[in-house]
Amino acid sequence: MNYSVFDHECMAKALRLARKGLATTHPNPRVGCVIARDGQVVGSGWHEKAGEPHAEVFALREAGEKAAGGTVYVTLEPCSHAGRTPPCVDALIEAKVARVILATRDPNPRVDGNGIQRLLKAGIEVLSGLMESQSEELNAGFMKRMRDGQPWVRIKLAQSIDGHVALANGSSQWISSEESRADVQRWRARSDGILTGIGTVLADDPSLNVRSADADRQPARIVIDSNWRTPPHARLLNLPGQVLIAGLQERPVPGALQRCGAEILPMPAFEGRVDMQAVLHELASREFNEIQVEAGAALCGTLLQRGLADELLVYQAPSILGGAALSPFAFPRLDNMDDRVHLEWVDSRRIGRDLRLRLKPVKIGS
């Protein structure tokens, strides 16, 4: 399909609108909508929060009677089922729009293709695939949860230019710049959960919260703690928001930890530790779309080696910590170059004095 320049402009506007919901739509996808008629935009909207109207409804309200005979540009297939709100396809059909252009289909089994079919049966032309990759990127977590039953896992690191995350004595404050740390807060805000390991809790006593006055919500804080060693006085247990502690189901949970206010998640073992794949499936069942990992070398290494990490978010500072400093990933010794973890570049940009790198693990030859 050859889309016009105007088509691209309208979908780009819809995607910009959808991004306004980066930190607010959980567990729903981020969706934007633009309605145009006779070469003019007559309505626009975006989904703000679960339970509130979807993007199409806001756009139709703004367009009013001008929506009839118009073209709807929407970043995700309109819903065809009644959930917290009525089906969007009903509103589009009632408004008598002539054409709907989608960025991508909705992989939710309750929608997947059904919205398109209902629009077609009503005589509305439907086209799909305009700026599809941008829409997929915007909702990577939702898409993965619907398709694979797991959330999108992003590992966040701050490291020196020689690839170290802390001095040999564990000191790491602060490798990255103030601007980088502020950027991390924005990535936390869009996440459904911040995940760490017991080693980090014991060494650093982190808060793992979004430190912003205008934060709409706090992501859940998730601790991987095989032997149930989390101290009841840990800082992350004494802040507002949900806390989940995952440990081995075969080990008894101390009474003090049971009474600390966190939700206890007994999990099966994998090689003597909590099975991270089981944890991710559990989080997906709770409608977690994006998980940000801020953990030590052992947990980060496990996620990478088991193919459970989807993305690395690396803040590289222009400093050198030296050979005795700590590395971000703990791997068993590799004797074959074919066993290394391969990555592909997604994005790089300057954040303050640092370089922010985004990379994705890839399988060579796949």
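Begin by selecting Gly 123, which lies just after helix α4 and takes a positive phi of about 85 degrees. Helices (H or I, at least four residues) and strands (E, at least two) are DSSP runs, numbered from the N terminus. The model is predicted: local features need pLDDT of at least 70, side-chain atom pairs count only at pLDDT 80 or more, and totals for chains, interfaces and linings use all residues. Residues are numbered from 1 along each chain as its sequence is written, and side-chain values use heavy atoms, with hydrogens and water left out.

Buried means under 20% relative accessible area, exposed over 50%, and partly exposed in between (1.4 Å probe, protein chains only).

**The nonpolar cores**

Now select Ile 155, Ile 224, Val 293 and Leu 303, the residues with the most contacts inside the largest nonpolar core, which has 32 residues. Helix α10 (residues 276-285) supplies the largest share of this core, five residues. A nonpolar core is a set of buried Ala, Val, Leu, Ile, Met, Phe, Trp, Tyr and Cys residues joined through side-chain atoms within 4.5 Å. A second, separate core of 23 residues includes Val 31, Leu 92, Val 97 and Phe 142.

Return to Ile 155 and display its surroundings. Not counting residues up to four places away in sequence, Ile 155 touches several residues, among them Val 293, Leu 303 and Phe 329.

**Charged pairs**

Side chains of opposite charge can pair when their charged atoms come close. A salt bridge is a side-chain nitrogen of Lys or Arg within 4 Å of a carboxyl oxygen of Asp or Glu, and by this rule the count comes to 23.

Select Arg 190 and Glu 290, whose side chains meet in a salt bridge (3.0 Å, N to O). Arg 190 lies in the loop between α7 (178-189) and β7 (193-197) and Glu 290 in strand β13 (residues 290-293), so the pair ties together parts that are 100 residues apart in sequence. Are these two residues buried or exposed? Arg 190 is buried at 12% relative accessibility, and Glu 290 is buried at 2%.

Then select Arg 349 and Asp 347, which form a salt bridge (3.2 Å, N to O). Arg 349 is partly exposed, with a relative accessible area of 44%, whereas Asp 347 counts as buried at 19%. Salt bridges that share partners join Asp 183, Arg 186, Asp 347, Arg 349 and Arg 356 into one network.

**Backbone details**

Move to Pro 27, in the loop between α1 (5-18) and β1 (32-37). The peptide bond from His 26 to Pro 27 is cis, with omega near 0 degrees.

Finally, select Asp 205 in the loop between α8 and β8. Although it is not a glycine, Asp 205 has a positive phi of about 45 degrees. Leu 208, found in the loop between α8 and β8, is not a glycine either and has a positive phi of about 60 degrees. Asp 205 is partly exposed at 25% relative accessibility, while Leu 208 is buried at 3%.

Key:
Contact = heavy atoms within 4.5 Å.
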